[in-house]
Structures are given as structure tokens and as C-alpha cells.
Amino acid sequence: MKTKQRGNGQGTVYKDGKYWRAQVTRYEFGERATKSKSGFLTKTDALRWCALNADFADAGVCPTFERVFTEWSAAHYPTISLGKQRQYDRVLECSSRIAKRKFNELTVRHFQAVINEQHPTYSVRKIFKNVYNMMSIYAIRNGWATVNYAELVELPPMEKPNKRPFTADEVNRVWKYWEQTHNMYAGACLIMIYTGMRWGEISTIRPENIHLDDGYLIGGIKTELGKTGEILLIERIRPIVREVMLPVNRVAKLSSEGFRKGYNAMQEAAGVERHTVHECRHTTATMLALEGVQPAIISEIMRHTSYTQTMEYTHVSRDVKLAELAKIV
């Protein structure tokens, strides 16, 4: 007998010999899944079974935001750093208000509402938009959505970085604190200052890529030059690298948030004004510039693709510039 077609998600019933059979169908993650039961004496009984199993069919119409994230991240995470994975996991945690919604029901206003609740800076909200955008593309490819609403989310103006490198006195204070306590966060701070490493690098570099005797390590991120270029290790910093990153990378065991808490507490204990983690890298370029190192060499050490980038990392005070200018008289 011909199957009796019913509305979406309501299932189908048909006569199977002298009994009735009921079946509900869904398309889950691009694949067809069915659930059926036979042996009903009446059509009404079969329809009642379909109604009781409507959740099965309904769940397959389109996966939830949470399920799309699970599928997408399983495919995407092997291609990105551990630091990025932690950032993206944070996006899921902060998206609880839409986590159980079917993905194809989400529009600009849903994504925008979650993003507007986050830290007001451009960089934080940009991470959320990027994740939503990648998830939307993944959903469209799998037939779960037709429009990428994440593309239409509005972000605040990109803030101009206002970085402040460590002063020479502050660097000395961190050194003193390290020598007194061997605090891991002080060690990591000094490693970043004397190598120019980013948080995403120091937290993911594998011990086998650290070559202390030869004075370098491999494991950069971002640009091709950053990924393949050598990160240099001067003699003074190598004992700290040996203690903090060998035989296992102790920093890699921490989340970004966990590291920053310990890093900030270390600065307070060392008597240093609070600096962001990335300002360690700005300190590297600034110290090199103040020592008169050639711009091309600074760019190589920082693994920048152009000196224009390097200029954004060097912060020379007015007093120093006045002193240099006075030399021409």
C-alpha cells in the first residue's frame, strides 16, 4: 500500500499486511535516520506512536547550535592551535542562550545579542563573529541552513592598540622575583620578553622543538615566516626555558584565562605595574630598538613580514628621542 505522507516531522503510517506500520524520519548531520514500529491493529494506534516519537523526527529537521558546534569543531580543531581551541570553547560557553536552538532558526539578532554581551573590545567580539561565521558555512554545506547571518553581525570600531612595554626597571624586578621564587609565571614572562614569543606560541610549543644547545626553538604561529622562522634563545634565558618548558611545557597545561590570572598575580608580587601578556612582545622590539639594533634585524627576530609591523611594536619615549635629537647639535 502507498505510504500516507504527512506533514514535516509527523511521520508516516501505512498498512503492512493486516497490521499498520509507523515510521518517523529525520536527516541528522547530512544522513537519513529512521525509526519505525509495526504490529499496530489500527491506524489510530500507529498515528499515536508517531506523535509520541515526534521528538525523534523534530530533532532531525535541523541540529541545534550546540550540535553544529560539536560537529564543526571536531573537524576544525585538529587544524588550529590549542590556544585557539580554548578561545572557541569559550564562545560555546557564552552562547548558552542559543545553544539549544535549531541552527536554521538563528538570525542576525540572535548572534548579535550574544556578541553584545561580551567584552566591548573589537578583538573579543571578532572571535565570536569568526566562530559563528565558520559554523554557518559548515551548516550551509551540510544542508542545515541557507543563509549566513553571522556575516551581517556588526562589531564595534577596531580599537587602536595602546601598548605599553615593560620599563628596564620593571624587567629587572621580574628578574629579581624569578631568582627569588622561580615562579613559573615570572619565568614565562621573561621568556616572552627575551624571545618575542606570543602567548599562542609559548603555550603550544612542543618540547621536542626546543633546541637549547643550538639556541633556538620552532613553533611560531600566524604568518608563514612566524611558523617556520627560528625563535632565538640567548644564553641568559636558556636556564629558564629548561625549567619552565622542559621536559614538559608547563605553560601548555594552563588555559589562557588561568595563565593570565597567575601572570597578573606575579606582576603584583614583583612590584610591577600591570602589563598585558602581549606587551612582553612589544618589550622585545622596544629593547632592541633602544639598543640601536638595525631595523632589518629587529624584523627578523620578531618574525615580521615587514618593518611597518615592527614599527608598531617599538615604543620609544619622548625623553629618549629628545636625547637622540640633541646629538646633532
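1. Buried means under 20% relative accessible area, exposed over 50%, and partly exposed in between, with a 1.4 Å probe and protein chains only. Y88 is buried by that rule, because its relative accessible area is 7%.

2. Before going on: this is a predicted model, where local features need pLDDT of at least 70, side-chain atom pairs count only at pLDDT 80 or more, and totals for chains, interfaces and linings use all residues. Residues are numbered from 1 along each chain as its sequence is written, and side-chain values use heavy atoms, with hydrogens and water left out.

3. Rings of Phe, Tyr and Trp (its six-membered ring) pair if their centres lie within 6.5 Å; planes under 30 degrees apart are stacked, over 60 edge-to-face, and the rest tilted. The count here is 15 aromatic pairs.

4. How is the pair of Y77 and Y88 arranged? Their planes stand at 45°, so the pair is tilted, with ring centres 6.4 Å apart.

5. Ring pairs also join F65, F103, F111, F128 and Y132 into a cluster.

6. Last, a charge over a ring (NZ of Lys or CZ of Arg within 6 Å of the ring centre and within 35 degrees of the ring normal): the charged end of R236 sits over W175's ring, 3.7 Å from the centre.
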